[in-house]
Amino acid sequence: GNFNAAAEAPKVARGRRQTVSAEVLTEEDVETFQPNVVPKAKEDQEFIVIALERLPLFCHLEEFELTQLALAMEEMRFMKDEMIIEQGHEGDMFYLVRNGEVHGISPDEEHDCEFKAGQHFGEVVLMYSQPYQMAYKAASHDVVMFTLDRNTYKHIMQKASMKKRAMYGDFLRKVGFLKTLNDAEVLQLADALKPSAYRDGEHLINYGD
């Protein structure tokens with residue numbers, strides 16, 4: 001499939017204030033949260049993981065967290081011309097197209113776009129409490145999508161952040177050239193780290209790279 005993401009532009013609706021979805025989650029909330037596990041075929045799970053890890057929202061997550069998200073995503077099916085989301089709808093769902101095509105309809109109809117397998121829309125509402133800026137309609141028969149809700153996204157992301165800060169925070173503070181960073185900057189750096197595995201004897205960096 002084509003994994004070049006056609007992202008929904010994070011515009012602010014006229015007359016409305018865009019608000020960050022920043023409800024405070026306690027450590028207990030995060031630790032006790034159990035995401036849904038929706039059974040799906042192995043190839044569908046792999047499809048989701050590959051698609052998510054290519055997106056800026058998810059690319060810093062480890063394989064375990066990406067798999068958690070993939071397992072939590074629910075399948076939705078639509079027939080041709082069926083409306084998926086009305087423009088202005090207050091929602092909290094991210095959509096990843098598995099099969100078929102979806103037509104994105106802008107209010108002025110000058111910025112309409114198509115979404116195919118591996119592409120996505122609705123990522124803005126995972127982060128911000130705001131209406132969808134476009135309408136979305138099934139443009140082919142048997143459109144299949146996987147959806148992720150904001151609550152699951154927030155809990156998994158927060159738990160990943162807590163784990164990384166605990167694992168890497170003290171280590172990063174001991175790195176010489178990082179000692180000028182303040183605590184907030186060190187924690188931001190910890191959040192962005194992603195482990196890489198190498199085989200015995202494999203080059204980490206090649207001269208000239």
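**Exercise 1.** Which strand do four bridges join to strand β5 (residues 102-105), and how do the two strands run?

*Solution.* Before we start: this is a predicted model, where local features need pLDDT of at least 70, side-chain atom pairs count only at pLDDT 80 or more, and totals for chains, interfaces and linings use all residues. Residues are numbered from 1 along each chain as its sequence is written, and side-chain values use heavy atoms, with hydrogens and water left out.

Step 1: find the elements. Helices (H or I, at least four residues) and strands (E, at least two) are DSSP runs, numbered from the N terminus.

Step 2: look for the partner. The four bridges lead from β5 to β9 (residues 135-138), and the two strands run antiparallel. Zoom in on His103, and you'll find Lys137 as its bridge partner in β9.

Step 3: zoom out. Strands pair if DSSP finds at least two bridges between them. That gives an open sheet of four strands in the order β3-β9-β5-β6, with antiparallel pairing. β3 (83-85) and β6 (113-115) are the edge strands, each pairing on one side only.

**Exercise 2.** Work out how α2 and α3 are arranged.

*Solution.* Step 1: get the geometry. Their axes (lines fitted to C-alpha atoms, for helices over the stretch in contact, with angles from 0 to 180 degrees between N-to-C directions) come within 9 Å and cross at roughly 120°.

Step 1: classify the angle. Under 35 degrees is roughly parallel, over 145 roughly antiparallel, 65 to 115 roughly perpendicular, and the rest oblique. So α2 and α3 are oblique to each other.

Step 2: see who meets whom. Contact means heavy atoms within 4.5 Å. Residues of α2 including Ile48 and Leu52 meet residues of α3, among them Leu66 and Leu69. Leu52 also touches Phe58, Cys59, Met73 and Phe94, not counting residues up to four places away in sequence.

**Exercise 3.** Is Thr147 buried or exposed, and which residues is Thr147 in contact with?

*Solution.* Thr147 sits in strand β10.

Step 1: apply the cut-offs. Buried means under 20% relative accessible area, exposed over 50%, and partly exposed in between (1.4 Å probe, protein chains only). Thr147 has 3%, so Thr147 is buried.

Step 2: list the contacts. Leaving aside neighbours within four places in sequence, Thr147 is in contact with Met73, Glu74, Met76, Met93, Phe94 and Tyr95.
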